[in-house]
Amino acid sequence: MPLQVLSRNMGILKGNDDMKKILVVDNHPMMLKFMSNLLEKKRCQVLTASDGLSALEILKTYTPDVIFIDFVMPNISGDKLCRTIRSMPQMKNVYLVILSAIAAEKTVDFTELGANACIAKGPFNKMSEHVLDVLDRLDQKVPNDVAKKIIGLEDVHPREITK
Amino acid sequence: MNFKELSENLSMEEDEYMELIELFIETGISDLKKLQTAAEEANAKKAADIAHSFKGAALNLGLMEFFEIAKQIERTAWNGQLERTVQVALALKEKLSAIAGFVS
């Protein structure tokens, strides 16, 4: 399945070199489709992986500008994947963004994981705004310390998240 | 279920929304089967994690009725009420199958 996703998207890699290169890692096919649609509309090159192992396989030959990582995934969790990616010399400048549905439930120190930003998963219209804001911030080279709060937490009311 | 209104609420084209709904249903039916198995095997954490994923996807799409039911499943799983977890999961699977008929 991950290889099918890779080959389906390989054509995009032939695009303009100025395009932002993005990898999205999430175990939910709907989230991968949503992120691909959103980012391809913004003329980004997008590869997707449905788990951490597939993501690491892709990263052997692909160095993205930005990686969006789901926090809760089977096999390799998002926090472990962040640390692993950050420890790879060729990935030291990659911009890591955690996508988290549990941000409203427990404290996540995403900077400690080596991530640059964390977006709370919520309604897709809100998520779109936050994902595109993060890309704009990257373009404007806004320092990371401006982005230490979890983005979009206000869109996920505490009553909506229970554990 | 008014998909046009739901897509408008999320500022999305209806076609794109329907594409995402189809993935939500397909993944949801498969995940709820796994959730049922996990609950029957007394694996509360796995059942709760699957319910959590379903709940997040429902919130993404603005499907608040599904969101609330998944929240209930997640809570019962964490509380170890696994028989109740299976009952509610089966009811949710029926609801999901019902909207699958509208989508296909």
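1. Thr76(B) counts as buried, at 7% relative accessibility. Here buried means under 20% relative accessible area, exposed over 50%, and partly exposed in between (1.4 Å probe, protein chains only). Thr76(B) sits in helix H4 (residues 64–78) of chain B. Leaving aside neighbours within four places in sequence, Thr76(B) is in contact with Gln81(B), Arg84(B) and Thr85(B). Contact means heavy atoms within 4.5 Å. Helices (H or I, at least four residues) and strands (E, at least two) are DSSP runs, numbered from the N terminus.

2. A word on the basis of this note. This is a predicted model, in which local features need pLDDT of at least 70, side-chain atom pairs count only at pLDDT 80 or more, and totals for chains, interfaces and linings use all residues. Residues are numbered from 1 along each chain as its sequence is written, chains are lettered from A and ligands numbered from 1 in the order in which they are written, and side-chain values use heavy atoms, with hydrogens and water left out.

3. Ser53(B) belongs to helix H3 (residues 44–60) of chain B. Ser53(B) counts as partly exposed, because its relative accessibility is 22%. Ser53(B) and Glu40(B) are 13 residues apart along the chain, and their C-alpha atoms are separated by 19 Å.

4. Next, helix H2 of chain A. It covers residues 29–41, 13 residues in total. From first C-alpha to last it reaches 18 Å, close to the 18 Å expected at 1.5 Å a residue. The expected span is 1.5 Å times one less than the number of residues. The buried residues of H2(A) include Met30(A), Phe34(A), Asn37(A) and Leu39(A). Just after H2(A), Arg43(A) takes a positive phi of about 60°.

5. Where do chains A and B meet? The contact takes 23 residues from chain A and 23 residues from chain B. The two chains bury about 2,000 Å² between them, 63% of it on carbon and sulfur atoms. Buried area is the accessible area (1.4 Å probe) that two parts lose on being put together, summed over both.

6. The rule finds 2 salt bridges across this interface. A salt bridge is a side-chain nitrogen of Lys or Arg within 4 Å of a carboxyl oxygen of Asp or Glu. Lys33(A) and Glu19(B) meet in a salt bridge through their side chains, at 3.5 Å, N to O. On the side of chain A that touches chain B, H2 and helix H5 (124–139) of chain A each give two or more residues. H2(A) provides the largest share of that side, 7 residues.

7. The largest nonpolar core has 62 residues. Such a core is a set of buried Ala, Val, Leu, Ile, Met, Phe, Trp, Tyr and Cys residues joined through side-chain atoms within 4.5 Å. Leu39(A), Phe68(A), Phe124(A), Tyr17(B) and Phe24(B) have the most contacts inside it. Helix H2 (residues 14–40) of chain B gives the largest share of this core, 10 residues. Apart from it lies another core, of 27 residues, including Ile58(A) and Val94(A).

8. Asp65(A) lies in the loop between helix H3 (52–58) and strand S3 (66–70) of chain A. Asp65(A) is partly exposed, with a relative accessible area of 34%.
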